[in-house]
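The following note is intended for a reader who is meeting this structure for the first time. Please read the points with the sequence and the model at hand.

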Amino acid sequence: MNDNSEHIDPLEHIWVGDMLERRKDAETIRQFTLGHLELRDRAGQDRTYVLNLNADWGAGKTFFLERFKRHLEHFEHVAVYVNAWEDDYSDDPFLTVVDAMQRELTAKLLSQEITELEVRKKIHPFFKAAKKVAGNAMLTGGKHFLARYFGNEAIDLVGGIMKYDEGWEGDSDLDEAIQKTIKLAIDATGAEILNSYKIQREAQRDFKKALEEISQEVLSLDNVNAPIFVLIDELDRCRPSYAIELLERVKHIFSLKNFVFILGTDTEQLGHAVRGVYGQGFDGPRYLKRFIDRTYTFQQSNTLDFVQHKLNRLGLSEELFTVPKPYSVSSYISNFLDNAECSLRDIDQILEIVETFVALWPYENLKIDMVTLLHRVYLQHQDKNDVDFVGDPLAKRKISFVRHGGGEDIKLEYLRVVQEAGESYEIKSHEVDGSWKEWLWLKVDNENQAYRKRNMNRSRIVSTRQEYEEMLKQVVALQRD
């Protein structure tokens, strides 16, 4: 019996479903950061780095970062994944990053046959220092900040860190001091805590020292390679003030030797968020460069691959739709959208509308005409009507269909294709000379039967265009925020 296990690529399992070939991006980023840290080392610069991963919303940043974490772990790096958006109800992103770090560092220590008690002793200085930074940050905000902070869910995050340390000598004094200060601050009608700046600076310095010590402890273990990667996802979806503070925390508190931060953002949108905080005249992109060493943009994806990825992600089986031969549903969509010169962001939004349309589809045994639907959705997305489309460059571009009996393919302009599909007119058998008319003939027959069955009170069958337009009015009312 032959053992082929040595020929199996272990990364294949990690990147299952990688229709956009993001594995290539992962290896490019990994190799770049490792090589760049070495160059910084030789140049006598800090061995730390912040890389911005720029991609439009819907381009697969979360899919990438979740798998990139496992990709890095395959190469024996500690990789911390932080979903910033999930925790942006907290007032201080510091707690979110600390919580994710402690989970990964603790897990790595426990994996080395170190007892839980020993791990707690090793991690304790890190928690104690983190607690001071979090506590002092809260105490510097005055009555309004404290009342809001401790009156909402954010208290749970603080409590989680403090609870971990329960039972350790010296903790109760800090807890009691914080509680007393909260009470005094709330009763003092907005009085600020004196010396807050000095206290916070000292707390941050102590935290950085503790984090550096515990990270060196972890990196000294067998089968653990430097650097430690921290992957921060969904930053552009956070509240602007939260996103900005997270960037500042990364730069000023977590920027340490052998730490690499990868920030998943739609950089343009994040720049808008910065301007929303500091004013429309503020240079958002220039401000972001203060925190970011370099920006990486995903390698260009093939439109067909992206469409297939998106259809699969939305649960849209090709069996739900009908298109003329020789096209598959995904190839017709990609052909149309390529000719329309749509960006990945446009494609993502167009297919989101298609998903909502499918959810509203009332005909159980009738397939959806993708030719008509895609055209109507495209017009809606571009805020155009049929008259506008006549002058659209896409209208004059041609699409090929198979001719019966061989010979050259039939080439028709998109304008004619969408008009004939949408009007659903009757076709005589002698007109069926190729895949286009054959598809129309069968489609119209199926549609007429379905429309008559559902609309018994109608004397005349409406066109597919009219039917889809009515449904798209309902789709508009159900669009995502």
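1. A residue is called buried if its relative accessible area is under 20%, exposed if it is over 50%, and partly exposed in between, with a 1.4 Å probe and protein chains only. Asn 258, at 12% relative accessibility, therefore counts as buried. Asn 258 has a positive phi of about 65 degrees, although it is not a glycine, and it is found in the loop between α10 (240-252) and β4 (259-265).

2. The model is predicted: local features need pLDDT of at least 70 and side-chain atom pairs count only at pLDDT 80 or more, while totals for chains, interfaces and linings use all residues. Residues are numbered from 1 along each chain as its sequence is written, and side-chain values use heavy atoms, with hydrogens and water left out.

3. The protein chain has 21 helices and nine strands. These elements are DSSP runs, numbered from the N terminus: helices are H or I with at least four residues, strands E with at least two. Of the 481 residues of the chain, 48% count as buried. Contact means heavy atoms within 4.5 Å; of the contacts with a separation of 6 or more, 75% are between residues 24 or more positions apart.

4. With 32% relative accessibility, Glu 76 counts as partly exposed.

5. Two cis peptide bonds should be noted. One joins Ala 226 and Pro 227, with omega about 0 degrees; Pro 227 has its place in strand β3 (residues 225-233). Another runs from Lys 325 to Pro 326, with omega near 10 degrees, and Pro 326 is found in the loop between β6 (321-322) and α14.

6. How many aromatic pairs does a search of the whole structure find? The search finds 25. Rings of Phe, Tyr and Trp (its six-membered ring) pair if their centres lie within 6.5 Å; planes under 30 degrees apart count as stacked, over 60 as edge-to-face and the rest as tilted. Phe 64 and Phe 68 are a stacked pair, 5.2 Å centre to centre with 20 degrees between the planes. Both lie in helix α3 (residues 61-74), four residues apart, about one turn of the helix, and both are buried. By contrast, the planes of Tyr 287 and Phe 291 stand at 70 degrees with the ring centres 5.1 Å apart, so this pair is edge-to-face. Tyr 287 and Phe 291 are buried as well.

7. One aromatic cluster includes Tyr 327, Tyr 332, Tyr 414 and Trp 436. Tyr 332 has its place in helix α14 (residues 329-339) and is buried, with a relative accessible area of 0%. Beyond its neighbours within four places in sequence, Tyr 332 is in contact with several residues, among them Val 323, Met 370 and Ile 399. Met 370 is 38 residues from Tyr 332 in sequence, yet the two are 8.4 Å apart in space, C-alpha to C-alpha.

8. Charged groups also meet rings. A charge sits over a ring if NZ of Lys or CZ of Arg is within 6 Å of the ring centre and within 35 degrees of the ring normal. The charged end of Arg 22 sits over the ring of Phe 298, 3.9 Å from its centre, and that of Arg 30 over the ring of Phe 75, 3.6 Å from its centre.
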